[in-house]
Amino acid sequence: MDLIGKVLAGATLSRQEWLSVISDRASYPDARLRSIASSIRDSIYGRKVFIRGLVEFTSFCRNDCYYCGLRRSNSRAERYRLSAEEILSACINGYSIGLRTFVLQGGEDMYWDDGRLTALVREIREACPDAAITLSVGERSEDSYRKLRQSGADRYLLRHETADAVHYSKLHPLSMSFQNRLECLRTLKRLGFQTGAGMMVGSPFSSEDTLASDMAFLQDLRPEMVGIGPFIPHRDTPFRDEMMGSVSLTLRMLSIVRIALPSALIPSTTALATASSDGQIDGLDAGANVIMPNITPSTERRKYLLYDNKKISEEEAGENIAWIIEKLRMAGYEGSLERGDHVQAIADIPHS
Ligand code: 5AD
């Protein structure tokens, strides 16, 4: 039995074995991984692609990650912060067109302390009682995560970025710790959040070796969601002259993650759509099953720039769900506005 057979039979692979899966393109061609990954996805979620409404609600950030355009030291970034009213009304508009998941994503903006953020989550919960609320606001204390969970948040996205500690220290300033990031992820899971991890593909100093660490880590953590996109340089960061991550390796990793975590919710990311014109559908064909159209008020949307040339298409944003669903249909998928919970998490959802 080869390594894919082993994974499908439920075995945990070593880092070395994951390295073989990632790098041995003769034994594991892209097309084979892609076809296994899509049949696994189809057998669990069918051809459904879950559509989430993404609100990028603050571009302030206290962190200084070397790859990210929102880093604190980037004095050229245009900072904005939506008001609670603006965020709530973006969700209510989204709800009225049928969206049932809202992803509130932002930099680590200290204005949004526990009091303000829990009040916001409660308001959204009240206005959109049967919608899932996903937060993506970085590293916080266990106490803070607990309060957010109790106020009604269901899911939390916190990419681990890389599971190799040395690599982590080359992407982040000393003030950020890989250990703390892992601790946050484990805490989120323990508190009952459907938890998302994930990494960039082709970030500076990454290699098939660091990706193998990512796979071993993901297989151990078993997050409910995994976000993967190519690294794309941003002109006002220390990594401005670094190469963009490979789209084909990103697609290959999407398939491998689907095989490792059959029931994971995996977005076909904006970074992938930015890096390649067919990226979003190619991502789905590789095994992804989630898309996150932007429902941020359009005046601010162009300011949330993690990387250069971010795809900001009006036609594929939240205003135009009908077109998004049609585009998915033409590619053989069924766009779904349902909450789209992870299959194993459905049993313990308090709000349904
Ligand atoms: N290229 C691609 N992805 C990026 N992210 C941040 N900066 C970049 C970049 N330059 C990703 C990180 C982060 C997520 C919100 O966006 O993985 O967790």
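A residue is called buried if 20 or more other C-beta atoms lie within 10 Å of its own, exposed if 12 or fewer do, and partly exposed in between, with C-beta atoms placed from the backbone. This is a predicted model, in which local features need pLDDT of at least 70 and side-chain atom pairs count only at pLDDT 80 or more, while totals for chains, interfaces and linings use all residues. Residues are numbered from 1 along each chain as its sequence is written.

Start with the whole chain in cartoon view. The chain holds 14 helices and 9 strands (DSSP runs numbered from the N terminus: helices are H or I with at least four residues, strands are E with at least two). Its radius of gyration is 19 Å, close to the 20 Å of the globule rule for 352 residues, so the chain is as compact as a globular protein of that length. That radius is taken over C-alpha atoms, and the rule is 2.2 Å times the number of residues to the power 0.38. Along the principal axes, the C-alpha atoms fill a box of roughly 55 × 40 × 40 Å. Of the 352 residues, 49% count as buried.

Next, select V55, F102, V226, I256 and V257. These touch the most other members of the largest nonpolar core, which has 99 residues. A nonpolar core is a set of buried Ala, Val, Leu, Ile, Met, Phe, Trp, Tyr and Cys residues joined through C-beta atoms within 7 Å. Helix α10 (residues 247–260) gives the most to this core, with 8 residues.

Stay on V55. Leaving aside neighbours within four places in sequence, V55 is in contact with I87, A90, C91, F102, V103, L104, Q105, I295 and T296 (contact: C-beta atoms, placed from the backbone, within 7 Å).

Now select the ligand. Which residues surround the ligand? They are Y67, C68, R159, E161, M200, G229, F231, I232, H234, A271, L306 and Y307, where a residue is near if its C-beta atom, placed from the backbone, lies within 6 Å.

From this shell, pick E161, in the loop between β5 (155–157) and α7 (165–171). E161 is not a glycine, and its phi is positive, near 75 degrees. E161 counts as buried because it has 23 C-beta neighbours inside 10 Å.

Finish at N309, in the loop between α13 (298–301) and α14 (321–330). N309 also has a positive phi, about 55 degrees, although it is not a glycine. Is N309 buried or exposed? N309 is exposed, with 12 other C-beta atoms within 10 Å.

Definitions and conventions. Two residues are in contact if their C-beta atoms, placed from the backbone, lie within 7 Å.
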